[in-house]
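Thanks for coming. I will walk through one model today, starting with a term we need and then going chain by chain.

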Amino acid sequence: MTEFLIHNAWIVPILPLIGGICAAVGGRWLKGNSHFPVVAGIGLAFVASLFLLLGEAGHAQPTPLGWIEVAGLTIPFQFRVDGLTTMMLSMVTFVASLVAIFASGYMAGDPGYPRFFAVFGMFVSSMAGLVLSSNFALTYVFWEGVGVCSYLLVGFWHSKPSAAAAAKKAFLVNRVGDFGFAIGLFWLWSVTKNHDLSYDAVFDATNLATIGHGALLGITLLFFWAATAKSAQVPLYVWLPDAMEGPTPVSALIHAATMVTAGVYLIARSTPMVVLVPEVQATVSVIGCITALLAALIALTQNDLKRVMAYSTVSQLGYMFMGLGAGIGGLASFAVVGAMFHLFTHAFFKALLFLASGSVMHSMGGVIDMRRFSGLRKKMPITCITFAIGAAALMGIFPFAGFWSKDEILAALKLASHESEGLKGFYPEIYIAVYWTAIVTAALTAFYTGRAFFMTFWGEEKLPSPHDPEADPAEDAAHGHGHDDGHAHEIGHESPPLMWIPLAILAVCAFGIGGLLGPTGLFAHHVEHTPGLAEIEGAAHHEFDYATAIISSAGALIALAVSYLFYGRKSTIPAQLAERFRPAYLASLNKFYVDEIYAMVILGPLKFLVATAAFFDTVVVDNLVLAAAWIPRLFGRYVLAPFQNGLVQFYAAVTALSVAGLLFVFMWLSLS
Amino acid sequence: MTALPPLESAIQTLRILLPELLLLVVATVMMTAGAFVRLPRKVWSRTSAIALILAGLVLLLIRNEVYDPYQGVFVNDAMSLYARLLFIVAGLIVLGLAHDQVDDARAAEFFGCLLVINAGAMLVSGANELVFLFVGLELVSIPTYLLLYLPRRTATTQEAATKYFFLSIFSSGLLLFGMAYLYGLTGVSNLKSLAFLSATMSGIPQIPFGLIALIFIMAGLGFRVAAVPFHFYAPDVYEGSPAIMAALLAWVPKGLGFVAILRTLVAFISATGAGSAISDKAALLAGILAVITMTLGNTVALAQNNLKRLLAYSSIAHAGYLMIGVAVTFRNGASGGVALGAEGLLFYLAAYAAMTLGAFGVIIAVNSGDRAVETVDDMAGLAQSHRGLALQMAICLFSLAGIPPLAGFVGKFELFAAAWSASKGEDAGLFQLIALAGAINSAIGAYYYLRLVVVMFLRPLRGKPFSVRMTLPTGAAVLACTLLTIILGLAASPMLTATHEAAVAVSTLPDPTGLENLTVGGDPAK
């Protein structure tokens with residue numbers, strides 16, 4: 001069975017796709033049961049992934065199937081089964097199946113129910129294909145597939161202007177990144193041996209040696225550019241917070257398992273290339289660090305529960321990139337494994353947090369503004385406990401999952417500052433700055449997570465009512481459309497089992513999976529067995545870094561305590577602080593005006609360019625085209641058509657004269 | 001290879017001519033019987049269809065029969081197989097479109113003529129003898145006159161038939177004159193021997209005589225394919241005849257003419273080798289004809305409003321595209337660049353058959369009721385009432401305009417690529433010019449095809465609603481055309497392999513063992 005699956009790994013992405021197609025084609029008849037084929041497809045894909053995970057992983061097993069074969073370009077449908085792939089695949093399919101089950105309860109009664117599950121299946125399929133692919137070109141195909149599906153899902157309620165705008169934003173920002181990926185691919189294609197874009201060929205040591213430092217620098221930077229868009233890093237992170245306009249299960253999927261992990265995966269996969277250019281590694285770390293800090297600062301003041309979670313995702317992705325960038329020299333394997341471990345644990349606790357937020361939102365009748373409800377711990381005990389577990393994991397509190405993975409990244413950063421001492425430039429200083437920023441960010445994370453938890457579940461019980469000062473009547477109506485059609489339930493109750501069972505499963509993972517796989521070395525051992533990673537020198541294990549663990553845990557616990565003081569009880573401190581530091585508060589609340597700055601700096605000139613082009617098009621090009629269309633027409637009508645006079649003797653005469661003329665000309669040509 | 005005794009050689013020839021003989025026998029029986037018994041037209045059309053299918057099966061059975069090409073009147077090579085199959089498949093499609101276009105009284109003659117036309121076209125496909133080829137051509141022409149006269153409905157129909165008759169006879173005269181010169185030059189009428197002689201004699205001894213033969217034959221066959229300046233009949237005759245006859249005229253003579261050009265001229269001219277005096281002149285001649293033909297066809301088509309006239313000019317324009325293939329083949333033969341001229345030509349012929357017959361099929365279908373559809377504007381609003389039909393028409397039109405990924409695009413691409421890869425050496429400029437002219441012309445041509453699509457899909461219905469009586473054979477024929485247009489575009493490689501083999505077969509000489517005694521003016525039989 002395992003052997004069969006390894007040789008036919010294409011089964012994993014095909015299963016959700018079949019489910020999606022069934023939902024799309026049969027949606028008319030399946031109606032409210034449209035989730036069955038998709039849940040079954042993803043579930044089976046998870047089972048297959050488990051076989052792959054536990055089976056003989058660790059070595060590549062390409063299963064080629066011809067696809068594009070043009071002169072000089074051969075792209076087979078080539079999959080691989082190795083440590084990194086099986087880890088990603090199991091995580092993606094596991095989280096996706098839980099989210100799909102949750103969604104079948106959450107989305108019940110929505111008129112677009114079959115459409116939702118059809119795209120959902122395709123989304124998971126694209127992501128599975130992305131991590132299975134063994135060829136950069138094929139990876140790009142699935143990369144685009146993920147982008148398209150995310151567009152469709154974020155804009156699922158496309159009649160809602162904000163959702164349509166968010167979908168467009170997500171798609172366009174991702175296009176900016178895809179552009180970088182494409183250019184990087186072209187470049188790689190032109191320098192690599194035999195123009196072979198398969199991983200094995202590209203990562204071959206002799207091949208990498210022939211490419212040259214400059215080209216590698218360019219290519220890896222372009223790949224990182226692509227990753228910043230997909231994985232929401234500065235400066236292209238702006239789409240992700242808006243992407244929660246989609247249904248909450250979609251947010252959970254995008255933020256946890258699929259989509260945003262794609263960029264991290266791409267850089268992790270390209271490690272053999274990235275490790276050769278320390279400049280890029282430092283860039284990756286610094287960008288990740290800036291992103292983590294910026295997003296954490298924004299998350300401090302947001303009032304929308306899902307938005308807090310969204311910024312925390314951006315921030316945590318920043319951590320992953322910090323880790324990916326810390327793989328200086330012999331550290332590469334340790335750092336990349338650390339980053340991937342954080343990606344792994346983050347998938348569970350972030351999916352949990354989003355689904356729990358979704359559960360709250362579902363129960364609150366579509367309201368997600370934390371000022372409008374509080375003290376829900378009695379009404380929704382299961383949601384409260386599971387959210388608390390997820391929050392603890394996110395804060396990095398011992399022994400929850402996030403603690404282990406975040407700690408590995410911090411340790412890697414600290415080691416990187418030692419390791420890079422031999423290098424020319426300011427590498428040690430950079431890495432130590434990143435390290436301390438990361439610890440500060442960890443404290444900030446604990447604070448805003450605690451704030452969200454206490455505002456939602458602590459304090460006196462309060463349910464949203466239309467008379468809240470924050471209530472927006474239009475928004476209310478819009479939300480109501482999406483979530484509650486056919487759901488004539490009252491506000492403020494625990495969600496149905498279909499929704500809380502996935503929460504419970506995820507909570508168990510968020511609690512235990514870090515301690516189970518991290519300190520025991522199971523995860524590292526599995527992922528290190530990835531061709532490309534294994535060959536990097538000095539892939540040795542490192543000691544657990546107690547100092548870092550203690551510092552970061554202490555910071556997190558203090559921040560948590562502060563957040564309880566501020567929000568766990570009635571307190572005027574936050575309001576006073578906001579008043580005192582009003583400019584800083586407003587800047588954070590308005591997300592540091594990044595969207596506005598983009599609108600001014602990038603969109604403004606672009607709009608001007610567009611207007612100019614439109615003017616040029618209508619005035620100059622259109623008239624040119626019209627002229628070009630009219631000249632042959634006039635020529636045909638007034639010069640050539642009169643010859644067609646209907647007289648047969650005239651036709652014969654012209655024919656005879658033409659023959660004579662041709663004869664004359666050709667005779668003359670051949671004699672002269 | 002030693003010469004076979006006459007009887008045996010005759011039997012061998014008859015064996016490879018079995019499909020044509022079958023068609024001719026069935027046609028003769030039908031036309032004779034039709035004079036005595038009165039049967040409904042579906043009997044005759046079904047008999048014809050069965051005869052065509054049988055002929056196709058027989059053709060596949062005998063496809064491996066080989067016969068000395070330097071003796072026989074007919075060669076059974078890859079080219080012959082490809083062209084004959086093409087004519088049979090297209091013949092079935094025409095039959096599907098024609099099955100209800102004639103009344104019972106004339107059905108026997110009508111379908112008999114269709115079969116004879118098919119047999120004639122298939123004879124030309126493998127003809128290896130000047131006289132035999134001419135017989136094949138006339139076997140197509142004479143039933144065509146009959147078919148044009150059969151309706152005898154109005155003065156315009158008769159005018160169209162008369163015009164076609166006179167001009168066709170005139171062109172046959174030109175063709176015969178050219179053939180006579182070709183024979184006079186070498187003294188042989190076997191085409192392969194003729195090619196062999198022109199190759200071994202390092203060119204034709206008398207270049208001017210060779211030119212006379214070339215120009216007259218091109219003029220005679222240029223009439224069939226409706227190349228400028230021998231195209232005048234096409235718009236008048238298409239407009240004056242019933243749509244089914246226009247469809248027949250748009251396809252059969254064109255396919256036939258190009259196959260005949262390949263058979264008579266290509267072997268003989270390209271055998272002289274690239275760069276020889278006659279091959280350069282021939283390439284120049286075909287190139288000039290190609291550019292003039294497609295430019296005139298496309299520009300005049302822009303000003304047309306009558307559907308059949310529009311398609312007539314479109315068929316003229318396509319003769320120009322196809323002529324590019326002839327020019328490249330004259331220049332390079334089976335050697336040269338990545339793409340062979342004859343390969344592109346043969347592929348484009350198949351594509352052209354599918355898309356043009358499909359377009360005409362839709363016009364026949366929308367004319368099947370009492371509402372006459374004559375002009376482009378009459379097509380307005382077709383998409384609202386008959387979405388499927390309009391969609392199929394649009395696919396054929398997109399393909400005619402050369403829009404990927406349809407058959408017309410692949411064909412044009414092959415032809416232009418062949419011209420581009422031929423642009424080497426002295427007259428490189430000529431072929432670059434041809435390729436460029438082809439590309440510009442496709443852009444011009446797109447206008448009037450897309451105009452028709454716009455009218456069908458975006459304009460509201462004008463006047464009476466469409467009355468369409470869709471019968472199964474017509475629907476199947478149109479659908480077959482649409483599907484072929486799509487398939488030939490999406491999965492072109494099997495077809496390109498076949499056309500490549502055919503192109504190589506037609507433009508190379510078989511191993512000429514035992515022909516040492518062949519001399520200019522001598523008799524090959526001696």
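Helices here are DSSP runs of H or I with at least four residues, strands are runs of E with at least two, and both are numbered from the N terminus. With that in hand, B:Pro229 sits in the loop between α9 and α10 of chain B.

Some housekeeping. This is a predicted model, in which local features need pLDDT of at least 70 and side-chain atom pairs count only at pLDDT 80 or more, while totals for chains, interfaces and linings use all residues. Residues are numbered from 1 along each chain as its sequence is written, and chains are lettered from A and ligands numbered from 1 in the order in which they are written.

Chain B has 20 helices and zero strands. Of its 526 residues, 62% are buried, meaning that 20 or more other C-beta atoms, placed from the backbone, lie within 10 Å of the residue's own; 12 or fewer is exposed, and in between is partly exposed.

Another cis bond runs from B:Pro404 to B:Pro405, with omega near 5°, and B:Pro405 is in the loop between α16 (387-400) and α17 (407-422) of chain B. For background, most peptide bonds are trans, and most residues other than glycine have a negative phi.

Chain A gives us two positive phi values. A:Asn194 has phi near 60° and is in the loop between α7 (161-191) and α8 (199-202) of chain A. A:Lys591, at about 55°, is in the loop between α26 (582-589) and α27 (594-640) of chain A. Which of these is buried, and which exposed? A:Asn194 counts as exposed because it has 10 C-beta neighbours inside 10 Å; A:Lys591 has 20, so it counts as buried.

Next, confidence. pLDDT is the predictor's confidence in each residue, from 0 to 100. Chain A has a mean of 85, with 92% of its residues at 70 or more. Within chain A, helix α21 (residues 473-484) is lowest, at a mean of 46, and helix α10 (residues 213-230) is highest, at 93.

Last, where the chains meet. Two residues are in contact if their C-beta atoms, placed from the backbone, lie within 7 Å. Chain B contributes 28 residues and chain A 23 residues. On chain B, the helices that each supply at least two residues include α7 (155-186) and α18 (428-458).
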